[in-house]
Amino acid sequence: MTGYQDLKYQIFETITSPDDKNRASKIFDLSIITLIVTNLLLIIADTFDLPVAVHEAIYVFEIISVGIFSVEYLLRLWTANLLYPHLSHTKARFRFAFSFLGLIDLLAVLPFYLPKVIPFGLFVLETMRIIRLLRFFKINRHTNTYYLIYDVFKKKARQLLASISIVFTLMVIVAVLMYDVEHVAQPDKFRNAFSSLWWALSTLTTIGFGDIYPVTVAGQVLNGVFAFLSIGLIAVPTGIISAGFVEQSRRAHHEAADNYCPNCGHKIRK
């Protein structure tokens, strides 16, 4: 392996975290996560009425952050062929550039550079400000939290879809019934089925904004029954997700246990 290839491989190992024992990789992950979290906090702070000097300091930190994120993105493009060894250099870079995390990396820095090149209106600039919040998703590369959530939802997709379908169907039926009961008494509140659907949604989620509610006896009875059923309806998808996390935790525990010798307790070399 040449010096160039060796350097490229070391950088790849550091920025992709393939080995938990890689100290440089751990330091890199912690540094990027800290930078991302700090960026999000400063984006929030920048909305407050702070002294000009503070806003200027935030902007300087933004420039430094964009510089670091830009270098990280370019390094990932450069080492993409190691991430996709079965592809050519060019195809590997295109594959990374158009992957979900690749696009997130690009969007994390693009709102800073585009206004310098192309003049935009205030609305577009404010939209780009919001896009900067996508930097938070960069954390997904440095921790397996989002992968865990995605895996749970993927494995429980059919059960979740079935339960949500039942909830939505019942909500629509109750909304139409409530419209029929309350429309005459409150034509300004229950104007159509969509108004009733808003009532059903606020009742189902136990929010209860108080902007629309039944006044007739039949409507109040229907409201009470639906509110009682809502407790169980909300619990169904919640229980499915909870069970998914428990199963995932047990699976991860068993997989981790399989990597260690049951007699001596040392990690098994594969």
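Colleague: Ground rules before we start: what kind of model is it, and what pLDDT do local features need?

Modeller: Residues are numbered from 1 along each chain as its sequence is written, and side-chain values use heavy atoms, with hydrogens and water left out. It's a predicted model where totals for chains, interfaces and linings use all residues, side-chain atom pairs count only at pLDDT 80 or more, and local features need pLDDT of at least 70.

Colleague: OK, how many helices and strands does the protein have?

Modeller: Elements here are DSSP runs numbered from the N terminus: H or I over at least four residues for helices, E over at least two for strands. From the N terminus on, the order reads α-α-α-α-α-α-α-α-α-α-α. The tally is 11 helices and zero strands.

Colleague: And what percentage of the 270 residues counts as buried?

Modeller: Buried means under 20% relative accessible area, exposed over 50%, and partly exposed in between, with a 1.4 Å probe and protein chains only. By that cut-off, the buried part of the 270 residues is 30%.

Colleague: On to α5: which elements do its buried residues pack against?

Modeller: In α5 (residues 89-97), the buried residues are Ala92, Phe96 and Ala97. They cover an arc of only 135° around the axis, so they sit on the same side of α5; the arc is that of the directions from the helix axis to the C-beta atoms. The face turned away from that buried side carries the exposed Thr90, Lys91 and Phe94. The buried residues pack against α3 (52-78), α4 (80-83) and α6 (100-117).

Colleague: Which residues form the nonpolar patch on the surface, and how much accessible area do they have together?

Modeller: Patches take residues with over 30% relative accessible area and no salt bridge, joining like charges within 9 Å and nonpolar side chains (Val, Leu, Ile, Met, Phe, Trp, Tyr) within 5 Å. Areas come from the Shrake-Rupley method with a 1.4 Å probe, and for residues only the protein chains shown count as cover. One member, isoleucine 231, lies in helix α11 and counts as exposed because its relative accessibility is 57%. The patch is Val217, Val221, Val225, Phe228, Leu229 and Ile231, at about 620 Å².

Colleague: Where is isoleucine 131, and which residues is it in contact with beyond four places in sequence?

Modeller: Isoleucine 131 lies in helix α7 (residues 122-131). At 25% relative accessibility, isoleucine 131 is partly exposed. Its C-alpha atom is separated by 9.5 Å from that of valine 109, 22 residues apart along the chain. Leaving aside neighbours within four places, the contacts of isoleucine 131 are Leu107 and Pro111.

Colleague: Salt bridges next: how far apart are the closest N and O atoms of glutamate 72 and arginine 76?

Modeller: A salt bridge needs a side-chain nitrogen of Lys or Arg within 4 Å of a carboxyl oxygen of Asp or Glu, and the count comes to three. Glutamate 72 and arginine 76 are four residues apart in helix α3, so about one helical turn separates them. Both are buried. Their closest N and O atoms are 3.0 Å apart.

Colleague: What about glutamate 247 and lysine 156: how many residues apart are they?

Modeller: This pair forms a salt bridge with closest N and O atoms 3.2 Å apart. Glutamate 247 is partly exposed at 37%, while lysine 156 is buried at 12%. The bridge links distant parts of the chain, with glutamate 247 in helix α11 and lysine 156 in the loop between α8 and α9, and the separation is 91 residues.

Technical notes:
Contact = heavy atoms within 4.5 Å.
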